Amino acid sequence: MNNIFKTLLFILVSHVVYGQETFQFQIQFQPKSSYKTNLEMNLNMKMYVSGSEKNVGINDLDSKMLMNFEMLTKTDIVNKEGKLPFEISYTDLDTKMFMNGQEIPNVTEKSKELILGIKLKGFETEKGREYSYEGDSEKMKETYENMMSSMSMLTFYPKEVFKVGDSKEVHIPFKMPLQQGMQMEMNLKAEYTLTKLDNDNAYFDIKMYSEGDIKPSNQFNIHIDQYQLRGKLIMNRKDQNINHSELSGPMNMTLEMNNMKVKMNSENNYKTHSIKL
């Protein structure tokens with residue numbers, strides 16, 4: 001009977017200790033390592049135009065964009081300054097665009113070759129990662145920087161310590177490049193909820209949202225009618241690498257300019273998968 005009691009007590013204590021286990025985001029590359037990452041984006045948008053401008057050739061639009069990037073990250077050894085050098089290159093690219101049901105050519109073989117020639121070098125430090133672009137085309141550099149800016153919302157994580165069931169919020173300064181050098185700034189918020197911990201992984205539910213008015217220019221105003229993405233994230237605790245993340249949901253905005261009003265209703269889907277080779 002005494003042995004049974006001790007066994008039950010051990011099991012109870014083990015559950016209590018496990019239940020109090022904590023997690024904190026510490027995403028780090030490992031020296032002399034390689035990582036393969038796939039990024040999928042599926043964006044569907046319907047645009048509705050009203051006002052006098054619709055009578056001069058600006059019509060409703062139904063568009064779809066499918067993008068699939070494959071990237072390879074290689075790290076070296078930590079240098080004398082305590083920084084870990086890394087290099088990111090694109091190894092594959094597949095992109096398709098449709099306008100009102102018609103496929104539109106958007107990436108030529110030459111452009112694809114330029115994109116696959118992009119090299120991103122940088123250093124990882126205790127404060128984060130520093131990036132620099134290397135490539136032969138200034139246009140590709142601008143394209144790359146715009147893409148990195150648009151994807152920055154997927155690289156911000158709470159710094160607090162989590163227990164299972166905890167939710168933490170992080171503010172994300174997000175900028176979206178527009179035409180003629182203008183950019184649209186959004187005050188994004190992301191909420192992370194730790195749903196499960198095991199020996200290998202930490203599992204999160206994610207909610208990302210924004211609301212209010214945006215004024216990127218004196219010539220037009222943008223109001224966010226609805227923006228709320230939901231998804232999941234799996235963090236590999238041993239590799240300190242995010243193995244999987246996905247986000248999907250609507251982003252509906254209204255743009256007002258002169259005598260024209262444009263409603264842009266989009267459905268956004270992002271998915272990443274990364275493994276340490």
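**Exercise 1. Find what K196 lies over, and then what the charged end of K83 sits over.**

Solution. K196 lies over the face of Y203, at 5.1 Å from the ring centre, where a charge counts as sitting over a ring if NZ of Lys or CZ of Arg is within 6 Å of the ring centre and within 35 degrees of the ring normal. Turning to K83, its charged end sits over the ring of F123, 5.6 Å from the centre of that ring.

These values belong to a predicted model, in which local features need pLDDT of at least 70 and side-chain atom pairs count only at pLDDT 80 or more, while totals for chains, interfaces and linings use all residues. Residues are numbered from 1 along each chain as its sequence is written, and side-chain values use heavy atoms, with hydrogens and water left out.

**Exercise 2. Describe the aromatic pair of F25 and F204, and say which parts it ties together.**

Solution. Begin with the count: the structure holds twelve aromatic pairs, a pair being rings of Phe, Tyr and Trp (its six-membered ring) with centres within 6.5 Å, called stacked if the planes are under 30 degrees apart, edge-to-face if over 60 and tilted for the rest. F25 and F204 form a stacked pair, with 4.9 Å from centre to centre and 25 degrees between the planes. Because F25 lies in the loop between strand 1 (22-23) and strand 2 (34-51) and F204 in strand 11 (residues 201-209), the pair ties together parts that are 179 residues apart in sequence; strands are DSSP runs (E, at least two residues), numbered from the N terminus. F25 is buried at 11% relative accessibility, and F204 is buried at 1%, where buried means under 20% relative accessible area, exposed over 50% and partly exposed in between (1.4 Å probe, protein chains only). Finally, ring pairs link F23, F25, Y157, F162, Y192 and F204 into a cluster.

**Exercise 3. Place D92 in the chain and list its contacts.**

Solution. D92 belongs to strand 4 (residues 84-99) and is partly exposed, at 37% relative accessibility. Leaving aside neighbours within four places in sequence, D92 is in contact with N68, F69, E70, K112 and L116, contact meaning heavy atoms within 4.5 Å. D92 and L116 are 24 residues apart in sequence, yet their C-alpha atoms are 6.9 Å apart in space.

Notes: Helices (H or I, at least four residues) and strands (E, at least two) are DSSP runs, numbered from the N terminus.
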